[in-house]
Structure formats: structure tokens, C-alpha cells
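This report describes selected local features of one protein model.

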Amino acid sequence: MIMKKYVSLTILMFALSLSSFAQRWVELSGQTQSQVVTALTDCLHNVSVVDCKFVQTKSSPYLKQAVKSEGVMRLKKPDYFRWEYTAPYKLVIEMIRDSICVLKDGKLQRQNYGQQRMVGDIMKMVMEFSTNNVLLDKRLYDVVICENRTQYKVVLTPKNKRFCKLFSCISLFFDKKSNHIDSFILTEKKQSETTILFSEVKVQ
């Protein structure tokens, strides 16, 4: 009986250690980091169209509980981006070239200059990830790349003054098998976080 308990405990500890290993991040450097950056950048450049669903979770010290929403996204190079919330409310943010349109319940919303500029900055940032060598351009971000057993994590610390006012860092998570992005976290200056988790991703 004691032996069975010992064996069970050993198996449990082994399973927990594997789980811990899968979640433990190891920072990459040198040639290994360069190879990963090249692989991720090549993957982003080879994609012309992305359609997917997303779940967005907003957490903040100022919120009693996290706020969740969901929707669909479409990105088409070189200059089309659509971000549509479908629940718990309906809102569409669409960018064509430098023009931004916001629709709420099918009605065009007027944005003041500050709001429009902020939305435009965020959407342009997403487009930059897919069209430019953001991971290679140290003028835009300080870049740290880590890995665990299943993912790469790219942490970008903005150098652009306008982005610095919005975010303290941006964390991108890539699947190691496909090199496609799984999720990302926007960490704001006031310790608030917005997590975006993608699913049913279709690429062309």
C-alpha cells in the first residue's frame, strides 16, 4: 500500500515537472535568437490574408473583474484591416490605407481627434507586425525573445514616444510548429492588460 502511494506520488511529481517545463521561459540570444527572428519574420511575410476569431480579455486594478469580448478579424496586405466585435456588443473598426471607420450597431461613429489617432496608432502597429521587419528594427522596439516547449514569446518595448504613452510592452506568442501568432498581450502604463487569444486561424 505504501509502495503504491509512493509510485503515485512519483508519477504526479513527474507530471507536474513536465507541466512546469512546458511553461518555463528561457531567453534566447546570439545565433539562436537570430534564427528564430528570421523564421518568424519569413512566416509573417509569406502570409497575404488572415481570417480568424478572437477572444479579448481586459484586466485592470481599476476593474472589479476582467472584461471579456469576442469577435472576428481580417487582415489583407498591404493596407486593409478589420476588427469586429460580435459579443457582448457589436462594433466594427476598419482601416483602409490611412482611413479609419468605426461602426457601432451599423451606425457610423464620430471619433474625436485623440480617439482616432489612438485607434489609428494601434491598427498601424498591427499592420507593421505583418508587413515590416519589426522584429529586426531596433529603432522601433527593444526586443527580447524567449521559448518554452511549445511557444516562442517576443516581448517588444516601444521606443516610439506615442506608443510609449499607450503601452509599456507588447508580448507576442507564436506557435513553434507553425510560427503563426497564437495570442498577444498589451501591457499599459497603468498596469492594465489586454489579452487577445486567436482561434480558427485561416491564412492565405
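A salt bridge is a side-chain nitrogen of Lys or Arg within 4 Å of a carboxyl oxygen of Asp or Glu. The model is predicted, so local features need pLDDT of at least 70 and side-chain atom pairs count only at pLDDT 80 or more, while totals for chains, interfaces and linings use all residues. Residues are numbered from 1 along each chain as its sequence is written, and side-chain values use heavy atoms, with hydrogens and water left out.

**Salt bridges**

Side chains of opposite charge can pair when their charged atoms come close.

| Pair | Closest N to O distance |
|---|---|
| D51 and R74 | 2.6 Å |
| K58 and E188 | 2.4 Å |

Strands (E, at least two residues) and helices (H or I, at least four residues) are DSSP runs, numbered from the N terminus. In the salt bridge of D51 with R74, D51 belongs to strand 2 (residues 49-59) and R74 to strand 3, so the pair ties together parts that are 23 residues apart in sequence. Accessibility is classed by relative accessible area: buried means under 20%, exposed over 50%, and partly exposed in between (1.4 Å probe, protein chains only). R74 counts as partly exposed at 29%.

K58 and E188 also meet in a salt bridge, and this pair links distant parts of the chain, with K58 in strand 2 and E188 in strand 11, 130 residues apart. K58 is partly exposed at 24%, and E188 is partly exposed at 23%.

D79 is partly exposed at 26%, whereas R97 is exposed at 58%. Salt bridges that share partners also join R82, E84 and E94 into one network.

**Helix 2**

Helix 2 (residues 30-45) has 16 residues and reaches 23 Å from its first C-alpha to its last, close to the 22 Å expected at 1.5 Å a residue; the expected span is 1.5 Å times one less than the number of residues. Its buried residues are V36, V37, L40, T41 and C43. They cover an arc of only 160° around the axis, which puts them on the same side of helix 2; the arc is that of the directions from the helix axis to the C-beta atoms. These buried residues pack against strand 8 (141-147), strand 9 (151-158) and strand 10 (167-175), where contact means heavy atoms within 4.5 Å.

**The site around T187 and S192**

T187 is in strand 11 (residues 181-188) and is buried at 14%. S192 lies in the loop between strand 11 and strand 12 (193-203) and is buried at 5%. Not counting residues up to four places away in sequence, T187 touches F167, S168, C169, S192 and E193. With the same exclusion, the contacts of S192 include K58, S60 and T187.

**Backbone geometry**

Most residues other than glycine have a negative phi, and most peptide bonds are trans. The bond from K77 to P78 is cis, with omega near 10°, and the bond from A87 to P88 is cis, with omega near 5°. N179 has a positive phi near 65° and is buried at 17%. E200, in strand 12, has a positive phi of about 50° and is exposed at 55%.
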